[in-house]
Amino acid sequence: MKTKLTLAMEHTLYYYCREAGATAVEEVTMPDDQGIVDTLSYQELPDHTVEWRCYELKVTKSDFHSSAKLSFVGHYNYFVLPLKLYQTVVDEIPAGIGVLIYRPFDAQLLATASEPPVTPGYLTVARPPRHQDLQVPATELQSRFIASQGREVFKAKQMATGLKQYSTEHLYQELKKRHQHYDVYNPDRNFYDQFVADTEATAVTALQEEVDALNLDVHQLHQRVKQARP
């Protein structure tokens with residue numbers, strides 16, 4: 001389960017790559033024992049050569065020291081880190097590996113912005129990467145990149161079909177997952193709260209309609225009684 005910070009960094013990195021003219025996709029499995037690239041980007045240069053960049057996202061010191069393999073297999077390779085974590089592990093970053101620092105946008109500035117940004121934060125280059133030869137054949141990178149894009153397209157199509165295809169039990173499990181990222185300070189962003197509010201509003205509307213119908217019945221009955229009196 002990805003943390004809220006990881007998702008924010010992933011979202012920001014995706015747009016960072018797009019602005020640079022690259023196409024990015026998350027969680028690309030490499031062949032053999034090369035692990036999984038958190039984010040892999042593909043970019044065709046003016047001379048028609050292809051440039052591959054790999055990004056590993058880390059949000060905590062324990063995450064940085066994880067035993068999971070670092071899949072730095074591209075021409076250029078980066079850590080994407082929050083500022084505080086970077087300051088803690090800066091001396092442990094291998095030579096040749098670039099670093100992008102993630103910073104969230106200031107909430108007060110966001111409140112006064114005429115147009116909200118498309119990302120929750122921004123990235124700055126703390127250390128440029130060094131070029132290296134590909135550690136995985138280019139054909140392998142391309143095929144796995146396309147497969148991961150296909151996975152994301154399938155997920156998007158599933159979302160586009162709505163919730164009809166999912167069972168009640170499946171939806172319940174998904175709500176439980178999202179509850180782990182409950183935002184206390186911004187309850188309007190919590191899907192569960194929105195669902196409960198909508199349900200309560202629907203219930204109140206339905207009850208009000210029943211009360212109105214009963215009042216109408218009582219009024220009509222009262223009129224009939226009055227007309228029936230001699």
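## Basis

Residues are numbered from 1 along each chain as its sequence is written, and side-chain values use heavy atoms, leaving out hydrogens and water. In this predicted model, local features need pLDDT of at least 70 and side-chain atom pairs count only at pLDDT 80 or more, while totals for chains, interfaces and linings use all residues.

## Nonpolar core

The largest nonpolar core has 15 residues. Such a core is a set of buried Ala, Val, Leu, Ile, Met, Phe, Trp, Tyr and Cys residues joined through side-chain atoms within 4.5 Å. Buried means under 20% relative accessible area, exposed over 50%, partly exposed in between (1.4 Å probe, protein chains only). Leu 13, Tyr 55, Val 80 and Leu 100 have the most contacts inside the core.

At least two core residues come from each of α1 (4-19), β3 (50-57), β4 (76-82) and β5 (98-104). Helices (H or I, at least four residues) and strands (E, at least two) are DSSP runs, numbered from the N terminus. α1 gives the largest share, 4 residues.

## Strand β5

β5 is largely enclosed by the rest of the structure, because 5 of its 7 residues are buried. β4 and β5 run parallel, joined by 5 bridges. Tyr 78 has Gly 98 in β5 as its bridge partner.

## Surface patch

Phe 105, Leu 110 and Tyr 122 make a nonpolar surface patch of about 230 Å². Leu 110 sits in helix α4 (residues 107-112). Leu 110 counts as partly exposed because its relative accessibility is 35%.

Key
Patches are made of residues with over 30% relative accessible area and no salt bridge: like charges are joined within 9 Å, nonpolar side chains (Val, Leu, Ile, Met, Phe, Trp, Tyr) within 5 Å. Accessible areas come from the Shrake-Rupley method with a 1.4 Å probe; for residues, only the protein chains shown count as cover. A salt bridge is a side-chain nitrogen of Lys or Arg within 4 Å of a carboxyl oxygen of Asp or Glu. Two strands pair if DSSP finds at least two bridges between them.
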